[in-house]
Amino acid sequence: MYAYNRSDVAYDLSRFDTGEPARRPEEKPAEAVKPAEPAIKMHKVSIAKTGNWFKTVFFVAFAALLAFAIINSKAVISEISTEISTQNALLEEAKSENANLQSRLDNMVTLSKVEEIAVGELGLQKTAKNQVHYISIYDRTMVQAAQSETNVFVSLKNWLDGAMEYLGF
């Protein structure tokens with residue numbers, strides 16, 4: 001099993017009793033014993049084969065392309081988010097300006113403002129009692145009917161127009 005231990009000798013505990021190591025009579029001195037060669041031989045230089053270089057280059061290029069796509073998408077998302085926040089700020093500004101203009105318009109339409117403009121800018125005055133003149137209107141309305149056309153050709157034309165309209169032409 002192990003290349004360095006090929007004997008069936010157990011530990012010799014007598015070596016530990018004295019300061020000098022005890023030797024068995026069948027043992028040779030340590031200098032004379034050659035170490036056994038290991039059963040597994042290791043190469044000094046190992047040549048590692050990485051596989052097909054084309055596959056490696058392809059996968060590295062694919063990984064670089066994927067990383068570029070992810071970084072590019074993050075940049076586009078950031079740019080669009082900035083654009084959205086800018087447009088939202090402009091929208092809020094427009095809403096506040098609209099509210100300001102609406103309140104100014106509401107103030108301009110009041111009756112006191114209308115009266116002020118009529119008197120100040122247009123030079124109008126309120127009517128006095130002596131300026132009011134009443135007019136009289138007939139109690140019954142008068143209606144005058146139009147003369148009917150009695151011509152035969154006109155009646156025939158009107159009848160044909162009505163028939164054509166009824167048929168959908």
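**A charged pair and its surroundings**

Tutor: K126 counts as exposed, its relative accessibility being 68%. This value, like those that follow, comes from a predicted model. The partner of K126 is E115: the two form a salt bridge in which the closest N and O atoms are 3.9 Å apart. Since the cut-off for a salt bridge is 4 Å, a separation of 3.9 Å falls within it. E115 belongs to helix α2 (residues 111–120), whereas K126 sits in the loop between α2 and α3 (152–167), so the pair ties together parts that are 11 residues apart in sequence. E115 is partly exposed, at a relative accessible area of 42%. As background, side chains of opposite charge can pair when their charged atoms come close.

How many salt bridges does a search of the whole structure find? The search gives two. Besides the pair of E115 and K126, there is one between the side chains of D161 and K157, with an N to O distance of 3.0 Å. Here both partners lie in helix α3, four residues apart, which is about one turn of the helix. In general, an α-helix has 3.6 residues a turn, so residues three or four places apart point the same way. D161 counts as partly exposed, with 40% relative accessibility.

At the start of α3, a side-chain oxygen of N151 comes to within 3.3 Å of the backbone nitrogen of F153. After α3 comes G168, whose phi is positive, near 95°.

W53, F54, V57, F58, F59, F62, L66 and I70 make a nonpolar surface patch of about 920 Å². One of these residues, V57, lies in helix α1 (residues 53–108) and is partly exposed, with a relative accessible area of 48%. The structure holds one aromatic pair. The rings of F58 and F59 have centres 5.7 Å apart and planes at 65°, so the pair is edge-to-face. F58 is partly exposed at 48% relative accessible area, while F59 is exposed at 54%.

For the chain as a whole, there are three helices and zero strands, and the order along the sequence reads α-α-α. Of the 169 residues in the protein chain, buried residues make up 1%. To return to the part requested: E115 and K126 pair at 3.9 Å, with K126 exposed and E115 partly exposed.

Notes:
Residues are numbered from 1 along each chain as its sequence is written. This is a predicted model: local features need pLDDT of at least 70, side-chain atom pairs count only at pLDDT 80 or more; totals for chains, interfaces and linings use all residues. Side-chain values use heavy atoms; hydrogens and water are left out. Patches are made of residues with over 30% relative accessible area and no salt bridge: like charges are joined within 9 Å, nonpolar side chains (Val, Leu, Ile, Met, Phe, Trp, Tyr) within 5 Å. Accessible areas come from the Shrake-Rupley method with a 1.4 Å probe; for residues, only the protein chains shown count as cover. Helices (H or I, at least four residues) and strands (E, at least two) are DSSP runs, numbered from the N terminus. Buried means under 20% relative accessible area, exposed over 50%, partly exposed in between (1.4 Å probe, protein chains only). Rings of Phe, Tyr and Trp (its six-membered ring) pair if their centres lie within 6.5 Å; planes under 30 degrees apart count as stacked, over 60 as edge-to-face and the rest as tilted. A polar contact is a pair of N or O atoms within 3.5 Å; within protein, one must be able to donate a hydrogen and the other to accept it, and residues adjacent in sequence count only if both atoms are side-chain atoms.
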